[in-house]
Amino acid sequence: MYNVSVSPHVRAQNTTKSIMRDVVIALLPTLAFGVYHFGLNALMVIAVCVVTCVLSELLFELLAKKPITVFDYSAVVTGMILAINLPSTATWWMCVLGSVFAIVVVKMFFGGLGQNFMNPALAARCFLLISFASRMSDFSIDGVSSATPLALLKAGEEPDLLTLFIGYHGGCIGEVSALAILVGALYLIIKKVITVRIPFTYIISTLVFIFIINTVMGNDVTVNYMAGQLLSGGLLVGAFFMATDYVTSPITPKGQYVYGVLLGLLTALFRILGSSAEGVSYAIIICNLLVPIIEKITVSKPFGCEKEKGGKK
């Protein structure tokens with residue numbers, strides 16, 4: 001039997017393995033800069049996350065007698081995305097705990113790749129944030145604690161934009177260098193792994209809502225402030241590498257625009273009105289849960305379907 005659904009019908013020669021391999025390549029610049037900036041402990045975090053994610057998936061599939069899927073690179077991508085969302089000061093057991101939670105609880109318990117209802121790596125980050133708030137907010141560099149650029153912006157200060165763009169400041173391993181993130185994002189766009197609908201809509205909506213909320217609250221909004229909101233924190237890496245996840249983002253073009261606007265609204269609300277300076281992870285997780293509703297509302301009507309008199313189809 002054939003299951004026929006409404007458009008869009010996606011046809012491509014790309015495989016899961018080739019797509020995930022491209023994502024791995026695209027993540028290398030920001031991870032490499034993280035290791036350069038934060039040191040060997042950042043490399044330890046990345047290695048432990050990736051290895052634990054792969055082993056967790058392999059062991060679960062062996063115990064559950066399911067087909068082995070670790071060679072499609074999806075577990076590697078999950079480990080890398082989790083690592084870019086962790087501080088370099090994270091301990092090895094936090095990396096292991098987060099990786100097991102991402103793969104086993106969020107991904108495998110719900111049927112594996114393609115069945116998870118939210119981004120596994122981001123779900124693990126939120127889990128670690130709730131469980132170990134102080135450790136997850138320790139952004140020390142060479143033993144010296146410093147506030148992140150977003151925290152400075154929230155306190156009314158304006159960090160140097162060139163420093164933000166290059167990445168010489170505190171933060172999570174993979175979110176500090178806007179330049180490295182954009183290099184990886186450009187690779188994904190050129191390889192047609194992602195489109196610009198979600199990331200551009202997300203970024204523009206975030207900036208628009210940040211401007212509106214601050215204006216309504218009577219706060220001064222400068223060009224440097226808006227540029228700081230764009231270049232600091234997880235907005236760029238979230239927009240290009242996490243919000244575009246195939247499984248947890250809408251497939252309909254209209255739905256992708258709606259999804260991007262909702263992401264921007266929530267991120268702006270969390271950043272400006274929330275107690276924390278960041279809000280990307282929670283915004284993406286919440287919108288992941290809304291994807292079925294977004295797709296139901298924005299799905300195309302089947303060709304040849306018309307309403308009869310009385311409102312019935």
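A salt bridge here is a side-chain nitrogen of Lys or Arg within 4 Å of a carboxyl oxygen of Asp or Glu. With that in hand, welcome to the structure above, a predicted model in which local features need pLDDT of at least 70, side-chain atom pairs count only at pLDDT 80 or more, and totals for chains, interfaces and linings use all residues. Residues are numbered from 1 along each chain as its sequence is written, and side-chain values use heavy atoms, with hydrogens and water left out.

**Charged pairs**

The structure holds two salt bridges. In one of them, the side chains of Lys-107 and Glu-57 come together at 2.7 Å, N to O. This pair links distant parts of the chain, 50 residues apart: Lys-107 sits in helix α4 (residues 92-107) and Glu-57 in helix α2 (residues 40-63). Helices are DSSP runs of H or I with at least four residues, numbered from the N terminus.

Arg-271 is buried at 2%, and Glu-278 counts as buried at 18%.

**Nonpolar cores**

A nonpolar core is a set of buried Ala, Val, Leu, Ile, Met, Phe, Trp, Tyr and Cys residues joined through side-chain atoms within 4.5 Å. The largest one has 79 residues, and Leu-86, Tyr-202, Tyr-259 and Ile-284 have the most contacts inside it. Helix α1 (residues 16-38) gives the largest share of this core, nine residues. A second, separate core of six residues includes Cys-53, Phe-60, Ile-103 and Met-108.

Which residues does Leu-86 touch, leaving aside its neighbours within four places in sequence? With contact meaning heavy atoms within 4.5 Å, its partners are Val-45, Cys-49, Cys-95, Leu-128, Met-136, Cys-172 and Ile-173.

**Aromatic pairs**

Rings of Phe, Tyr and Trp (its six-membered ring) pair if their centres lie within 6.5 Å; planes under 30 degrees apart are stacked, over 60 edge-to-face, and the rest tilted.

| Pair | Centre to centre | Angle between planes | Type |
|---|---|---|---|
| Phe-110 and Phe-117 | 4.7 Å | 65° | edge-to-face |
| Phe-200 and Phe-240 | 6.5 Å | 85° | edge-to-face |

Phe-200 is in helix α10 (residues 197-216) and Phe-240 in helix α12 (residues 235-242), 40 residues apart. Phe-200 is partly exposed at 42%, whereas Phe-240 is buried at 4%. Ring pairs also link Phe-33, Tyr-36 and Tyr-168 into a cluster.

Conventions
Buried means under 20% relative accessible area, exposed over 50%, partly exposed in between (1.4 Å probe, protein chains only). Helices (H or I, at least four residues) and strands (E, at least two) are DSSP runs, numbered from the N terminus.
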